[in-house]
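Here is a short walk through one protein model. Keep the structure open and follow the residues as they come up.

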Amino acid sequence: MDMKTDKKIKTAIIGLGKIAWAYEKDPLVGKSDDFPTHSRVLSRHPNFYLAAAQDKSGKARNSFLSYAKDFGLTPKVYEDWEAMIKKENPDLLVVASSTESHYEICSRAIDLDIKNILCEKPISFSLKEARKLVQKTEKNKCVLFVNYPRAFNPSYIELCKKIQKGFFGKIQSFDAKYSKGIFNNGTHVLDLLIRMFGEVKKVRGLKNLTCDFGGVDPTVSAAISFENGVSGYIHGLNGNFYNIFELDIIGGLGRLKMVNDKDPRGLIDTTKGLYHVYDNIYSGINRCSGRDSLKYLEVANKIIKSIKK
């Protein structure tokens with residue numbers, strides 16, 4: 001859906017945690033790019049404005065209001081997200097609450113005739129819920145954008161094109177590393193790999209002995225092969241020590257090694273952070289839809305099931 005208009009896009013956000021605004025206080029995240037949070041983008045982007053924000057925690061609301069004043073944001077703040085949606089009727093609803101709440105909130109928002117939703121990843125820990133939500137958005141003509149930022153980033157889009165056109169030659173192998181959950185952060189890796197290499201053919205999950213396999217979002221490793229013949233590994237690491245996102249691609253004509261979105265060739269530029277996501281939303285280009293994100297969840301579930309066999 002093309003959202004271009006002479007008026008600014010009325011935006012409301014549910015959940016006032018890290019990605020909503022609190023990463024601004026994190027010196028590591030804040031230094032990595034200029035727009036690490038939704039609030040920072042909404043304070044600067046000429047085509048959007050933050051009309052309302054919600055969190056059930058009074059402490060979270062008060063902390064956010066202190067930040068909002070410093071950045072010139074003057075949203076109405078609510079305790080109840082459904083009351084906010086009914087009262088504000090935003091053009092764009094940003095769902096930045098806990099993953100467990102995504103399905104309920106997005107589903108109810110669709111019932112309330114919201115037509116554009118930007119949901120944080122993953123859309124659910126439950127594959128069944130995710131499928132139902134995607135089907136509901138499509139049935140009700142609600143556009144669901146899912147926040148996998150690399151999918152919207154021009155430098156990553158160009159990198160994927162280079163790989164597909166043989167810039168590095170025939171890909172011999174890849175090796176990726178992530179931490180903190182196959183759904184939470186591992187799907188970032190799957191998003192990028194699928195954009196580079198196409199459809200997944202086969203996975204074989206590998207339990208990481210340094211990580212707890214229990215819970216709804218285990219950190220696991222896997223061997224993955226793609227329909228185009230490329231194969232490699234993803235390694236899940238213990239997130240108690242660090243956040244990590246690495247990708248090493250070996251091709252017949254060269255090698256690409258990225259560490260936390262940095263590469264020696266200078267092919268990757270993430271300085272504008274989430275700004276690109278909103279640029280794409282405004283232009284009507286959905287580079288990561290509910291259907292796209294569902295694909296990553298399906299692969300993640302196959303990895304987990306293969307370990308349990």
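This is a predicted model: local features need pLDDT of at least 70, side-chain atom pairs count only at pLDDT 80 or more; totals for chains, interfaces and linings use all residues.

The largest nonpolar core has 98 residues, and Ile117, Phe174, Phe197 and Ile234 touch the most other members. Helix H9 gives the most to this core, with 9 residues. In soluble globular proteins, nonpolar side chains tend to be buried together.

Now pick out Phe174. Leaving aside residues up to four places away in sequence, its contacts include Leu193, Phe197, Ile224, Phe226, Val230 and Ile234. Ser231, Gly232 and Asp248 are also among the residues that Phe174 touches.

Next, turn to how H9 packs. Two packed helices are described by the angle between their axes and the distance between the axes. H9 spans residues 182-197, and H11 spans residues 290-308. Their axes come within 9 Å and cross at roughly 115°. Angles of 65 to 115 degrees count as roughly perpendicular, so H9 and H11 are roughly perpendicular to each other. The crossing of H9 and H11 is right-handed. On the H9 side, the contact is made by Ile182, Phe183, Thr187, Leu190, Asp191, Ile194 and Arg195. H11 contributes residues including Tyr296, Leu297, Val299, Ile303 and Ile304. By class, the contact has 10 nonpolar, 2 polar and 4 charged residues.

Finish at the loop between helix H10 (275-283) and H11, where Arg287 lies. Is Arg287 buried, exposed or partly exposed? Its relative accessibility is 31%, so Arg287 counts as partly exposed. Beyond residues up to four places away in sequence, Arg287 touches Ala151, Phe152, Ile157, Arg195, Asn280 and Asp292. Arg195 belongs to the H9 side of the helix contact, and Asp292 to the H11 side.

Methods: Residues are numbered from 1 along each chain as its sequence is written. Side-chain values use heavy atoms; hydrogens and water are left out. Axes are lines fitted to C-alpha atoms, for helices over the stretch in contact, and angles run from 0 to 180 degrees between N-to-C directions. Helices (H or I, at least four residues) and strands (E, at least two) are DSSP runs, numbered from the N terminus. Angles under 35 degrees count as roughly parallel, over 145 as roughly antiparallel, 65 to 115 as roughly perpendicular and the rest as oblique. A crossing is left-handed if the near helix is turned anticlockwise from the far one by less than a right angle, and right-handed if clockwise. Contact means heavy atoms within 4.5 Å. Ala, Val, Leu, Ile, Met, Phe, Trp, Tyr, Cys and Pro count as nonpolar, Asp, Glu, Lys and Arg as charged, and the others, Gly among them, as polar. A nonpolar core is a set of buried Ala, Val, Leu, Ile, Met, Phe, Trp, Tyr and Cys residues joined through side-chain atoms within 4.5 Å. Buried means under 20% relative accessible area, exposed over 50%, partly exposed in between (1.4 Å probe, protein chains only).
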